[in-house]
Amino acid sequence: MRPVGLLLDFPHRMAPKRQCSLQSQTKKPKLPAAPEQVNSSASLGLPKGEKEQQEATEHIDEVQNEIDILNEQASEEILKVEQKNNKLRQPFFQKRSELIAKIPNFGVTTFVNHPQASALLGEEDEEVLHYLTRVEVTEFEDIKSGYRIDFYFDENPYFENKVLSKEFHLNESGDPSSKSTEIKWKSGKDLTKRSSQTQNKASRKRQHEEPERFFTWFTDHSDAGADELGEVIKDDIWPNPLQYYLVPDMDDEEGEGEEEDDDDDEEEGLEDIDEEGDEDEGEEDEDDDEGEEGEEDEGEDD
């Protein structure tokens with residue numbers, strides 16, 4: 001019996017944002033099926049309450065097996081629907097890719113604006129991504145066996161490849177694996193050998209952790225079942241890249257907010273000065289009045 005959760009090895013649900021990992025699935029442990037005569041004889045000497053509990057446990061396991069069978073049947077139906085919808089979506093994905101190609105720096109802007117993807121981008125990584133023309137995710141025909149991510153580049157001063165790909169597979173035994181294109185770096189341009197000191201602000205916060213870079217991701221096949229960047233691209237960026245391309249520049253917003261605060265402070269300062277000036281003028285007027293009254297009193301005494 002194939003595990004019910006096998007469909008979750010790769011995200012093929014309809015929601016635009018979803019998180020999952022390419023991990024082998026194992027069936028939940030089941031109670032050993034004991035012959036009826038053994039159960040009856042074993043329960044003869046048990047108190048009535050314990051005997052009822054044991055029988056109920058056995059019946060629960062039987063019912064659970066029936067539920068598992070129904071879940072497996074539902075999984076097969078869901079898989080068929082996903083395969084059909086995946087084919088229906090392809091023309092729209094193709095049309096979207098053609099439109100994206102008309103927008104300069106769409107790809108690099110999308111990755112820089114994504115909080116998880118941007119954490120792997122150093123300054124030179126971003127420079128390379130300015131040559132990125134499009135990203136495509138292709139799920140294998142039966143969907144549950146894996147997917148491939150393709151990065152298309154214009155001619156650039158960093159490597160010879162026109163396309164860089166990384167594939168994720170789940171074999172029949174349920175073990176995840178990955179493989180990728182060998183990057184043909186030009187002389188002195190291998191970014192996987194550069195110091196992590198060139199990382200951007202978001203990456204500097206991670207320097208005391210694992211200093212993984214964007215292009216080392218292509219050569220990292222140590223844990224295909226927990227490849228975070230692969231999942232982010234497939235489950236979040238690929239379904240709707242426009243939402244990250246249109247993310248407003250938070251630095252600009254913060255700068256505008258600070259300028260507004262400064263203006264408010266200046267206005268408050270001017271108001272304080274005006275109020276103090278009014279108070280000083282009031283005090284001078286009072287002094288003048290007192291002086292005039294004093295002169296009048298002296299004139300009367302004379």
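This is a short tour of one protein chain, stop by stop.

**The whole chain**

Start with everything shown. The model is predicted. Colour by secondary structure: the chain has 9 helices and 4 strands. Trace the elements from the N terminus, and they run α-α-α-α-α-β-β-β-β-α-α-α-α.

The accessible surface comes to about 19,600 Å². Carbon and sulfur atoms hold 48% of that surface. Of the 302 residues in the chain, 30% are buried. Consider contacts between residues with a separation of 6 or more: 62% of them link residues 24 or more positions apart.

**The largest nonpolar core**

Hide the surface. Select Phe111, Ile149, Phe151, Phe159, Phe214, Phe215 and Ile233. These residues touch the most other members of the largest nonpolar core, which has 31 residues.

Which elements each supply at least two residues of this core? Three are helices: H3 (106-113), H5 (123-129) and H7 (228-237). The others are strands: E1 (132-139), E2 (146-153) and E3 (163-170). Colour them to see where the core draws its residues.

**Phenylalanine 215**

Set aside residues up to four places away in sequence. Phenylalanine 215 then touches Asp125, Val128, Phe159, Leu164, Ile183, Trp185, Leu191 and Thr192. Keep Asp125 from that list. It is the next stop.

**Aspartate 125**

Aspartate 125 sits in helix H5. Is it buried or exposed? Its relative accessibility is 1%, so aspartate 125 counts as buried; the cut-off for buried is under 20%.

Show its surroundings. Apart from neighbours within four places in sequence, aspartate 125 is in contact with Leu120, Leu191, Arg213, Phe214 and Phe215. Next, look at the polar atoms. A polar atom of the aspartate 125 side chain lies 2.8 Å from the backbone nitrogen of glycine 122. The side chain of aspartate 125 also makes a polar contact of 2.8 Å with the side chain of arginine 213.

**Arginine 213**

Select arginine 213 together with aspartate 125. Side chains of opposite charge can pair when their charged atoms come close. Here the two side chains meet in a salt bridge, 2.8 Å from N to O. Arginine 213 lies in the loop between helix H6 (201-204) and H7, and aspartate 125 in helix H5, so the pair ties together parts that are 88 residues apart in sequence. Both residues are buried.

**Two further salt bridges**

The count of salt bridges comes to 8. Two more are worth a visit.

Go to aspartate 150 and arginine 148. They form a salt bridge, with the closest N and O atoms 3.0 Å apart. Aspartate 150 counts as buried, at 4% relative accessibility. Arginine 148 is partly exposed, with a relative accessible area of 24%.

Finish at aspartate 235 and lysine 234. Their side chains meet in a salt bridge at 3.8 Å, N to O. Aspartate 235 is buried, with a relative accessible area of 0%. Lysine 234 is buried too, at 2%. Salt bridges that share partners join Glu139, Lys234 and Asp235 into one network.

Notes: Residues numbered from 1 in each chain as written. Predicted model: local features only at pLDDT ≥ 70, side-chain atom pairs only at ≥ 80, totals over all residues. Heavy atoms only, no water. Buried < 20%, exposed > 50% of the residue type's maximum accessible area, 1.4 Å probe, protein only. Contact = heavy atoms within 4.5 Å. Areas by Shrake-Rupley, 256 points an atom, 1.4 Å probe, with all protein chains shown as cover. Core = buried A, V, L, I, M, F, W, Y, C linked by side-chain atoms within 4.5 Å. Polar contact = N/O pair within 3.5 Å; in protein donor to acceptor, adjacent residues only side chain to side chain. Salt bridge = Lys/Arg side-chain N within 4 Å of Asp/Glu carboxyl O.
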